[in-house]
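Work through the exercises below with the sequence and the 3D view at hand. Try each task before reading its solution.

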Amino acid sequence: MYIISLTYKAPLDEVENLLESHVTWLKQGYAQGVFIASGRKNPRTGGVILATSIERAELDDFLKQDPFQAVADYEVIDFQPSMTTDNFTSLARL
């Protein structure tokens, strides 16, 4: 799986202008089975997305379609969980 950390590089008003299209893009990722979870960082300096273990090139291509590319920098971390709580055992298999 992947942990994708977005850090805003533009003021929040510019981020807000793209929020609706970003959410539409996120919903597409969920519908395609790419995303597991997503949300804002606290404080609101960016966001985090958890993605399944698709091919890295496929993930990179999908991330390029995110409207937030104009207002955020992305860090993608390849992560293989080896231990989880009982509620998240399925993550160890992704």
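Predicted model: local features only at pLDDT ≥ 70, side-chain atom pairs only at ≥ 80, totals over all residues.

**Exercise 1. Find how many residues separate S2 and S3 in their hairpin, and follow the pairing of these strands.**

Step 1. Strands S2 and S3 make a hairpin, with 5 residues between them. Strands here are DSSP runs of E with at least two residues, helices are runs of H or I with at least four, and both are numbered from the N terminus.

Step 2. S2 covers residues 35-40 and runs antiparallel to S3, to which 5 bridges join it. Two strands count as paired if DSSP finds at least two bridges between them.

Residues are numbered from 1 along each chain as its sequence is written, and side-chain values use heavy atoms, with hydrogens and water left out.

**Exercise 2. Decide whether Tyr 8 is buried or exposed, and list its contacts.**

Step 1. Locate Tyr 8 in strand S1.

Step 2. Its relative accessible area is 16%, so Tyr 8 is buried (buried means under 20%, exposed over 50%, partly exposed in between, with a 1.4 Å probe and protein chains only).

Step 3. Leaving aside neighbours within four places in sequence, Tyr 8 is in contact with Val 15, Arg 44, Thr 45, Gly 46, Phe 68, Val 71 and Ala 72 (contact means heavy atoms within 4.5 Å).

Step 4. Arg 44 is 36 residues from Tyr 8 along the chain, and their C-alpha atoms are separated by 8.7 Å.

**Exercise 3. Find which polar partners the side chain of Asp 66 has.**

Step 1. Asp 66 sits in the loop between helix H2 (56-63) and strand S4 (72-78).

Step 2. The side chain of Asp 66 reaches the backbone nitrogen of Phe 68 at 3.0 Å.

Step 3. The side chains of Asp 66 and Tyr 74 form a polar contact of 2.6 Å (a pair of N or O atoms within 3.5 Å; within protein, one must be able to donate a hydrogen and the other to accept it, and residues adjacent in sequence count only if both atoms are side-chain atoms).

Step 4. Not counting residues up to four places away in sequence, Asp 66 touches Leu 6, His 22, Trp 25 and Tyr 74.
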